[in-house]
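Dear colleague,

Please find the structure below, with the sequence beside it.

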Amino acid sequence: MADMLTAFQDFIATTGVSQWLDTGASTAVKTLIMIAISCVLFYLGIVKKFEPLLLIPIAFGMFLTNLPGANMMHPEFFLEGDFNVLNVFLNGGLLDYLYLGVKLGIYPSLIFLGVGAMTDFTPLIANPSTLMLGAAAQGGVFLAFLMALLLGFTPEQASAIGIIGGADGPTAILVTKTLAPELLGAIAIAAYSYMALIPFIQPPLMKMLTTKKERSVKMTQLRKVSKTEQIMFPVIVTLIVVFIVPDAAPLIGFLMLGNLLTVCGVTQRLSKTAQNGLMNAVTVFLGISVGATAKADTFLSGNTIKIIVLGLLAFCFATICGILGGKLMYILSKGKINPLIGSAGVSAVPMAARVSQVVGQKEDSSNYLLMHAMGPNVAGVIGSAVAAGVLLSMFK
């Protein structure tokens, strides 16, 4: 009978409830707060449909990592100077194993492979000048970077915060896991949440910075792009970008490889795999492992609030820089470029381009800006990868 009682007491001691109570009042309350936050993210992803493909896995990763006694994730294993792959495999939990894909930079590049396979670069090839709008929008990254420095963040942390303005989740994750892994959970949640809010963030800024006359400009139809141009584009872009910013190679290289698989016409099976099966699998692994870094002791801090605010400012700055670039092109083209397409220079494809289309059609229902806006939109994907490469080369 005594043995049975001892066994029962041992079982009680191993339950999550017992371990949760043993952590102390402060930690126990923080755990409940984190579980509540993950439930809010479930609501935003499922009910409000805010980037559900990544927000739901991120929320579930956060949920799992904060459950008392689960021991599925150990962020301390991945700190600089202490990281050892063998230690992860011998002592880690399931989420530690999955997080290796983030730590080693595998998932973001594979996501870019799928993005490249799904992206049509012909609007950019047909009108190369829109590349400047994608570059202009990256001004938001560096403005947010400077603001983060002023608020007391280190240059590495400021780089990770600034890249939120690139409106590209995988890029933000790659930079953050390299330069400021302690901020990964907060930055990933901010980046994907604000990407989903682009239809609400951008239109007021677009209307504030442009006139009715500018918003009503109708652009001429894009020229037809040849097959040869489509095939040469990913090779040439990779060559130029990597020669200038070698640290951008993992993102640009896989982005352009994915695009080449689609446009070359002889690797359709690989293209479909990159767009569907591979992309879906990596999205789940990336989301759940990134969410698992959001543990109560690091996530619930004043820095998280600062990151949320700075992330919003980064998106606003990026939109403003893109629109101002569009206004400059409007002037230089003598009124032939609609400055609204500049807001699409942020990297959220194709959502930002659709916002340009919607705002333009509110001024003139016969105006069709979508394909013109796709030029700076896909240029923004390239621009965010280059901005990431610049920051990595400076502070890695």
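The lining of the second largest pocket divides into 12 nonpolar, 12 polar and 5 charged residues, where Ala, Val, Leu, Ile, Met, Phe, Trp, Tyr, Cys and Pro count as nonpolar, Asp, Glu, Lys and Arg as charged, and the others, Gly among them, as polar. Please keep in mind that this is a predicted model, in which local features need pLDDT of at least 70 and side-chain atom pairs count only at pLDDT 80 or more, while totals for chains, interfaces and linings use all residues. Residues are numbered from 1 along each chain as its sequence is written, and side-chain values use heavy atoms, with hydrogens and water left out.

A pocket here is an open set of points on a 1 Å grid over the protein atoms alone, where a 1.4 Å probe fits and protein lies on both sides within 12 Å along at least five of seven lines; lining residues have an atom within 4 Å of a point. The second largest pocket has 29 such residues, and those nearest its centre are Thr 65, Pro 75, Lys 295, Ala 296 and Asp 297. Helix H3 provides the largest share of this lining, with 4 residues; helices (H or I, at least four residues) are DSSP runs, numbered from the N terminus.

The largest pocket has a volume of about 890 Å³, a volume being the space filled by probe spheres set on the points, which are joined across faces, edges and corners. Among its 28 lining residues, Glu 51, Val 115, Met 118, Met 279 and Val 349 are the closest to its centre. This lining divides into 18 nonpolar, 6 polar and 4 charged residues, and H7 gives the most to it, with 4 residues.

Turning to the rings, the structure holds 10 aromatic pairs, counted for Phe, Tyr and Trp (its six-membered ring) when the centres lie within 6.5 Å, with planes under 30 degrees apart called stacked, over 60 edge-to-face and the rest tilted. Phe 78 and Tyr 99 form an edge-to-face pair, at 4.7 Å centre to centre and 70 degrees between the planes. Phe 78 is buried at 4% relative accessibility, and Tyr 99 is buried at 3%, where buried means under 20% relative accessible area, exposed over 50% and partly exposed in between (1.4 Å probe, protein chains only).

Ring pairs also link Phe 42, Phe 60 and Phe 63 into a cluster.

With best regards

How values were computed:
Helix = DSSP H or I, 4+ residues; strand = E, 2+ residues; numbered from the N terminus.
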